[in-house]
Amino acid sequence: MYSVLICDDSMVARKQVAKCLPQDWEVAVHFAKHGAEAVQAINEGKGQLLLLDLNMPVMDGYQTLQAIKEHKLATKVIVISGDIQPEAHERVKSLGALAFIEKPVKPDILEAVLNEHKIRLKAGEESEDEPSLDPAIRDVYQEITNIAMGQAGDHLARILNVFVRLPIPNVNLIEVSELHMMLTDVAEKDAVSGICQGFLGPGVSGEALFILSDSSFGDVARMLDIKEEVDDRIQLEVLMDAASILIGTCLSGLGEQLDMGFSQGHPVVLGQHRSVSELIAANRLKWRRTLAIELSYGLEGYSVQCDLIFLFTEESMQIMNAKLAHLLED
Amino acid sequence: MSQSNIEDLLEFHWLMDMLQTVDVGIVVLDKQFNVKVWNGFMESHSGLLPSQVRDKCLFDLFPHINKPWFVRKTKPVFELKTRAFMTWEQRPYLFKFPNYRPITGSEDFMYQNITLSPLVAANGTVENICMMIYDVTDVAESKKQLESLQVSVSEQSERTTKIHSLDKI
């Protein structure tokens, strides 16, 4: 059952908030008197949704948001507070809160916010909302990626003199939150490094994401014939070079299948944790789900592990589907 | 000369003019790294006229460019027809040009983003590559300022938390 945690130092306020939860919403309600208790409860799995007050003893709402952010706790936060200064709104939003509701909370407002952020799904909506992709279309994308990969693999093998284990492309519609997790993972683990690069064709746009595990740097550097010692600067260079080769060959292969040419923007290093979350946060409202083609490469005889993810915008899919329609016909 | 020939020639003329005046450095290199095209941006910033660089090897003109590195960088461009990129974060510049704004700019030289792109000939092979040099000094400057600001802010917040915890004791 979905768990809701209400955190407020005032017992009256806690009860009032609990009463405002939608009547027909089956949830387990838990309470916390301050931030420290809330964090503990979330850790115990008692707070998929946190309704948070700001002014509290021991650990106030801001500190709680900070702690949730720092420890990457899996919870959605809605702040309920009497502090109606615009700055307070801004501050809690920047700390990761989904919404701000002014005290005293009213049932219809709370319900509207819950619906807006898809926290509480109306009956029947749940299954519909799951990302899904027509199997036939998925097959087509998988197939064109396979062909593009084959060409790219051949190119790579020739330039690097290694055998490339061709990955099976994983085609999916993914949600923003999933991408967010993926990117946060990249930024968090110091064991991987990432690069993203925008690409653009007529009516089709998207972004390529290249993620290389840090243990692979030495091997990749050797394959690229880099003789210098692999320090930070060289690592960045290796990352850039490997990314442009893989992204470039795949894109030209895909472009050939789709009968369009892609131009590529300048690659951007996804290193700092902050820039990653900001990157996605800024885009949060613009798109909800996107077509993702995931490729996981391995190279024979080397311990190289890298992932390449192509993300296409939703609008691009229409154009691509039209271009690929001939493959769908029997 | 027929009318259409003249029109073609005129068109070629303004196309060349555009290439010459666009505010991006454009250099075309052949497989031996001889300079084939050197546009106005490159001319103004380097002080070298196209006549001084044409058909001369890039590495002779700019001895500070690390030859094995650059050759390695261009290999996939020639062989795989993929683009290669260099960012200012990785290497602040390839050509050491002075800052476009010598008076108000805070950096001494121009930060550059560079794209190497294949030029595919009619027979499908890549005999020449195009190097595009973008001036990203402003971006680099503001990013550096932002980073130093972030450092000072985090230092300050560390200090205040320390004071707070002392208060509690």
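How many of the 330 residues of chain A, as a percentage, count as buried? Select chain A to start: 35% count as buried. Keep in mind that this is a predicted model.

**Stop 1: chain A as a whole**

Show chain A as a cartoon. Chain A has 13 helices and 13 strands. Now think about its contacts. Take those between residues at least 6 apart in sequence: 67% of them join residues at least 24 apart.

**Stop 2: helix α2 of chain A**

Select residues 35-43 of chain A, which form helix α2. Show the side chains. Which residues are buried here? They are A:G35, A:A38, A:V39 and A:I42. Turn the view until you look down the axis of α2(A). The buried residues fall within an arc of 100°, so they line one face of the helix. An α-helix has 3.6 residues a turn, so residues three or four places apart point the same way.

Next, find what covers this face.

Now step just past the end of α2(A). Click on A:G45. Its phi is positive, about 80°.

**Stop 3: where chain A touches chain B**

Show both chains. The contact takes 18 residues from chain A and 15 residues from chain B. Select α7 (135-160) and α10 (232-258) of chain A; each supplies at least two residues of the side that touches chain B. Which element gives the largest share of that side? It is α10(A), with ten residues. Colour the chain A side by class. You will find seven nonpolar, seven polar and four charged residues.

**Stop 4: the sheet in chain B**

Five strands of chain B form an open sheet, in the order β2-β1-β5-β4-β3. The pairing is antiparallel. Select β2 (35-38) and β3 (84-86) of chain B. These stand at the edges with a single partner strand each, so one side of each has no neighbour in the sheet. Look along the sheet to see its twist, which averages 20° from one strand to the next.

Zoom in on β4 (residues 112-120) and β5 (residues 126-135) of chain B. Nine bridges join these antiparallel strands. Pick out one pair: B:Q112 stands opposite B:D135 in β5(B).

**Stop 5: the helix on the sheet**

Finish with helix α5 of chain B, residues 67-80. What does α5 pack on? It packs on the sheet, touching β3, β4 and β5 of chain B. The direction of α5 makes about 35° with that of β4(B).

Definitions and conventions. Residues numbered from 1 in each chain as written. Chains lettered and ligands numbered in written order. Predicted model: local features only at pLDDT ≥ 70, side-chain atom pairs only at ≥ 80, totals over all residues. Contact = placed C-beta atoms within 7 Å. Helix = DSSP H or I, 4+ residues; strand = E, 2+ residues; numbered from the N terminus. Nonpolar A, V, L, I, M, F, W, Y, C, P; charged D, E, K, R; others polar. Buried ≥ 20, exposed ≤ 12 C-beta atoms within 10 Å, placed from the backbone. Arc of directions from axis to C-beta. Pairing = 2+ DSSP bridges. Axes fitted to C-alpha atoms, helices over the stretch in contact; angles between N-to-C directions.
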